[in-house]
Amino acid sequence: MNRLFGSKSTAPKPTLTSAISNVDTHIESIDVKLAKLNAELQTHQARLSKMRDGPGKSAIKAKALKILQRRKMYESQRDQLQQQSWNMEQADMMTSNLKNVMTTVDVMKTTNKTLKQQYGKINIDKIERMQDEMADLMEVGNEIQESLGRAYDVPEDVDEAELDAELEALGEEAEFEMGGATGESELPAFMRDEVPTFVDEPPEAGKVKEAAG
């Protein structure tokens with residue numbers, strides 16, 4: 001049966017990449033042939049330019065014309081192969097882009113499914129209650145800090161006028177103490193008010209101090 005209908009081929013199917021590679025290889029071989037033909041044409045052209053008209057020149061000219069025909073044929077084949085290679089490259093690029101799009105779509109679907117599963121487990125009401133509890137705890141913490149930072153000896157309602165009067169009295173007391181420290185003491189009150197008639201001059205402050213000592 002296999003001889004009549006043939007057996008199923010197990011060879012791998014060709015891909016665009018392999019087809020493009022084969023075509024490019026064929027184009028390179030044609031370029032090699034064209035280079036050889038161009039070299040022959042240059043040789044014949046150089047010989048024709050030095051020969052006189054005659055049978056020999058005509059024979060070389062006929063060979064040159066055949067080479068030109070072959071070159072045109074190879075050039076035509078090369079152009080066709082280059083166009084085929086370009087078309088396959090475009091198709092390969094489109095296939096690659098399509099694969100990338102399909103991969104992106106699959107990833108987006110998987111991500112969307114995962115997000116739905118994860119967000120479906122989140123209770124917004126619980127989050128809002130937790131935020132309210134955190135705000136209450138922060139307020140309690142602030143009240144505790146304020147209570148701990150309160151001074152015990154200083155009354156909260158202090159009259160500023162009383163503080164000013166007390167400060168002024170402290171200033172006067174300090175001036176009095178500084179005056180006594182310099183030794184400039186005044187006369188006693190009983191000698192400062194009036195001087196007896198039997199005293200010609202008021203006593204000096206230093207002498208009164210010595211007498212008292």
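1. Overall make-up. The model is a predicted one. The protein chain holds seven helices and zero strands, and its pattern along the sequence reads α-α-α-α-α-α-α.

2. Burial and contacts across the chain. Of the 213 residues of the protein chain, 8% count as buried. Among contacts in the protein chain with a separation of 6 or more, 64% are between residues 24 or more positions apart.

3. Helix α3 on its own. Helix α3 covers residues 55-120. At 1.5 Å a residue, its 66 residues should span 98 Å, and the end C-alpha atoms of α3 lie 97 Å apart, which agrees with that expectation.

4. Geometry of the α2 and α3 pair. Two packed helices are described by the angle between their axes and by the distance between those axes. For helix α2 (residues 16-50) and helix α3, the angle is about 160 degrees and the axes are 8 Å apart. Angles over 145 degrees count as roughly antiparallel, and α2 and α3 are therefore roughly antiparallel to each other. The crossing in which α2 passes α3 is left-handed. By residue class, the contact of α2 with α3 comprises 18 nonpolar, eight polar and 14 charged residues.

5. Buried positions of α3. Which residues of α3 are buried? They are I60, A64, I67, Y74, L81, S85 and M88. These buried residues of α3 pack against α2.

6. L81. This residue lies in helix α3. L81 has a relative accessible area of 12%, and it is buried because that value is under the 20% cut-off. With neighbours within four places in sequence left aside, L81 is in contact with V23, H26, I27 and I30. L81 and I30 are 51 residues apart in sequence, while their C-alpha atoms are 9.9 Å apart in space.

7. S85. Not counting residues up to four places away in sequence, S85 touches I20, V23 and D24.

Conventions:
Residues numbered from 1 in each chain as written. Predicted model: local features only at pLDDT ≥ 70, side-chain atom pairs only at ≥ 80, totals over all residues. Heavy atoms only, no water. Axes fitted to C-alpha atoms, helices over the stretch in contact; angles between N-to-C directions. Helix = DSSP H or I, 4+ residues; strand = E, 2+ residues; numbered from the N terminus. Parallel < 35°, antiparallel > 145°, perpendicular 65-115°, else oblique. Left-handed = near helix turned anticlockwise from the far one by under 90°. Nonpolar A, V, L, I, M, F, W, Y, C, P; charged D, E, K, R; others polar. Contact = heavy atoms within 4.5 Å. Expected span 1.5 Å × (residues − 1). Buried < 20%, exposed > 50% of the residue type's maximum accessible area, 1.4 Å probe, protein only.
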